[in-house]
Amino acid sequence: MFRCCLLATLLCFIHRGNSEEADCFPSEWLKSVSMSVKISKAGFHRDLHYRVQWSKTEQEVHALLVQKLPSGVYMDEYQLETLRRDTGLEVLLDSKVDVEAPEYLSSGFTALVFLSGRREAVVPVHGRYHRPSDSSKRVKVELESPRLLLRSEQCERGVAVDAPCTASNHSICSWTEILELEDHAGVSLELPVGDSSMIISVCGVTVLTTILCCVYLLRNIWKHGSF
Amino acid sequence: MDAWLCVMFSVTLLIRLALLCFGVYQDQNLRWVHCGKLLFLGSDLLSALLLFRLLVLHCSARSLASVHCSMWLFNPLTMAVSTCGNAESLLAVLIYPVTYALPVALSLVGAPSRGRGLIQNLVWCFSRDLFLEQCSSASPFTACEYGWDFLQESSLFHLTHRDIHHNFSPYFSMLYVTAEHHWSVVLVLVCFLLQLLLLLLSSLAFCCSIHTAVFVRFNKVCTSQMPFSRSYFLWYLCLLTLVLSRLTLSLRRGLGLLLWFVGQELWLSHAYYLEFEGCNSFALIWIAGLLFLLINSLILGQIISHYRPAEAQLKKTD
């Protein structure tokens with residue numbers, strides 16, 4: 001809980017970088033940096049595929065993706081913890097996530113995806129139940145493109161952004177935000193929603209059927225039970 | 001132990017271990033089998049062994065007892081639940097829901113009597129004797145010791161818990177479409193009262209199994225083998241196996257079982273397309289849920305009308 005609060009506070013200070021980018025990242029090399037985000041699978045359980053690429057460099061480069069997620073989706077912290085232990089995937093959430101709450105009772109959150117030592121990650125994301133609708137059968141959830149931050153062990157100058165060094169969130173490091181990425185639209189997913197125009201018939205038929213079953217069982221218990 | 005019993009347990013152990021290894025193979029992110037799953041697998045087998053011992057104690061022939069146990073052991077649902085990492089089989093071995101306080105209390109202070117009439121029996125269930133019996137049980141002392149958290153997690157959770165995600169409960173669709181309406185609390189109360197009414201009326205082993213089946217089937221939430229939720233089915237499947245030997249049904253028993261699987265598979269297929277393919281099958285899940293309730297009620301009704309207590313069966317064989 002304390003770590004979430006600390007991270008949430010820090011995220012308030014993650015601001016867009018100014019024009020003074022780090023000298024340790026040559027501008028020519030920065031042009032080679034690219035990022036792609038894809039979403040796979042169908043239904044309520046999707047995978048976000050992140051890939052960051054850059055040309056060869058002698059520096060050890062760490063990448064951090066700051067992904068803002070709307071209230072229509074969530075990430076399961078327990079699943080992320082299992083993945084972290086089993087596969088080394090490092091994802092940090094800025095707040096506690098209620099996995100059962102519907103979309104209209106939830107708020108958006110931010111996920112920090114650390115790509116230290118690797119350039120791609122697959123992060124599971126799940127859709128929330130949305131409010132039933134009488135006009136459409138599906139709802140579209142848009143995920144904006146993540147912000148890309150880079151850091152090098154060999155260089156501490158030209159600070160633009162402060163963020164946790166790793167998913168353990170024990171210390172803060174200085175990162176450089178890459179602003180001049182190729183225009184990349186975010187991804188989106190469509191989720192089915194219930195039909196609110198059927199509310200009366202659903203309630204009526206459900207209660208009626210349940211009463212019918214109840215009466216049948218009561219009759220049998222009364223007739224055949226040992227009293 | 002019989003040779004057949006050894007074979008049965010060995011085969012089901014091998015099937016479960018194979019499922020665990022398949023899970024590791026399929027999810028290439030895992031590198032080992034979690035110890036918790038081995039514990040649940042063990043308690044799964046232990047509950048089958050306890051079932052067998054109880055059935056033999058209640059005068060079932062060993063061969064018949066092993067057939068009934070195999071219905072628990074070879075049930076794909078119980079296999080999937082314990083190998084997925086769900087702890088419901090531990091409940092079967094160690095702990096059971098607090099709702100058993102009611103049948104235990106009723107059997108201790110005296111059962112309802114047919115002579116009183118239905119309404120008077122329901123009123124009697126809230127009598128002074130029953131209240132005093134509950135006060136002298138462990139519940140109030142445990143509540144004082146552990147406070148609100150104990151009460152919430154052991155008793156009140158099932159009264160207030162509402163999960164609008166698709167599940168086997170017949171009330172799922174109703175609770176989902178009315179979630180934001182302030183009058184939905186009335187519907188929740190109706191659900192609870194219907195459940196309570198059935199629970200108040202019903203010998204102890206038979207009562208617990210019917211009691212559990214009613215509690216689960218008429219509950220506001222009834223989830224299955226998901227890793228992070230309860231598998232309500234196992235709560236009554238285990239105990240129903242215990243009473244199967246006392247049923248006078250014959251071919252009907254097999255048909256009822258088939259009907260149950262048909263109802264379950266119908267619901268599961270629509271739920272699969274909703275959750276994993278993104279199809280809008282909410283209406284079909286609603287209909288399948290109600291159909292599953294009707295099938296379960298029919299089967300329960302048949303079990304209630306064809307159950308013969310042990311003493312009646314003994315008299316018949318004399």
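How many residue pairs are in polar contact across the interface of chain A and chain B? The rule finds 11, with both residues at pLDDT 80 or more; a polar contact is a pair of N or O atoms within 3.5 Å, where within protein one must be able to donate a hydrogen and the other to accept it, and residues adjacent in sequence count only if both atoms are side-chain atoms.

A quick note on the ground rules: this is a predicted model, where local features need pLDDT of at least 70, side-chain atom pairs count only at pLDDT 80 or more, and totals for chains, interfaces and linings use all residues. Residues are numbered from 1 along each chain as its sequence is written, chains are lettered from A and ligands numbered from 1 in the order in which they are written, and side-chain values use heavy atoms, leaving out hydrogens and water.

**View 1. Where chain A meets chain B.** The contact (heavy atoms within 4.5 Å) draws 46 residues from chain A and 57 residues from chain B. Putting the two together buries about 4800 Å², with 70% of that from carbon and sulfur atoms; buried area here is the accessible area (1.4 Å probe) that two parts lose on being put together, summed over both. The rule also turns up one salt bridge across this interface, taking a salt bridge as a side-chain nitrogen of Lys or Arg within 4 Å of a carboxyl oxygen of Asp or Glu. That bridge pairs B:Glu180 with A:Arg131, their closest N and O atoms 2.3 Å apart. On the chain A side, the elements giving two or more residues are helix H3 (77–87) and helix H4 (199–224), and H4(A) brings the largest share, 20 residues. Helices (H or I, at least four residues) and strands (E, at least two) are DSSP runs, numbered from the N terminus.

**View 2. An enclosed helix in chain B.** Helix H4 (residues 76–84) of chain B is largely enclosed by the rest of the structure, because seven of its nine residues are buried. Buried means under 20% relative accessible area, exposed over 50%, and partly exposed in between (1.4 Å probe, protein chains only). Among the buried ones are B:Leu77, B:Met79 and B:Val81.

**View 3. A nonpolar patch on chain B.** B:Trp4, B:Val7, B:Val11, B:Ile15, B:Leu19 and B:Phe74 make a nonpolar surface patch of about 480 Å². Patch members have over 30% relative accessible area and no salt bridge, and nonpolar side chains (Val, Leu, Ile, Met, Phe, Trp, Tyr) are joined within 5 Å. B:Ile15 sits in helix H1 (residues 3–26) of chain B and is partly exposed at 32%.

**View 4. Salt bridges inside chain A.** Over all chains, the structure holds seven salt bridges. A:Glu177 and A:Arg147 meet in one of them at 2.9 Å, N to O. Since A:Glu177 lies in strand S11 and A:Arg147 in strand S9 (residues 147–152), the pair ties together parts 30 residues apart in sequence. Both A:Glu177 and A:Arg147 are buried. A:Lys31 and A:Glu28 pair up too, with closest N and O atoms 3.5 Å apart; A:Lys31 is exposed at 62%, and A:Glu28 is exposed at 58%.

**View 5. Positive phi in two chain A loops.** A:Lys41 has phi near 75°, positive in a residue other than glycine. A:Lys41 sits in the loop between strand S1 (34–40) and strand S2 (45–53) and is exposed at 56%. A:Asn169, also not a glycine, has a positive phi of about 60°. Its loop runs between strand S10 (161–164) and strand S11 (172–178), and A:Asn169 is buried at 6%.

Notes: Patches are made of residues with over 30% relative accessible area and no salt bridge: like charges are joined within 9 Å, nonpolar side chains (Val, Leu, Ile, Met, Phe, Trp, Tyr) within 5 Å. Accessible areas come from the Shrake-Rupley method with a 1.4 Å probe; for residues, only the protein chains shown count as cover.
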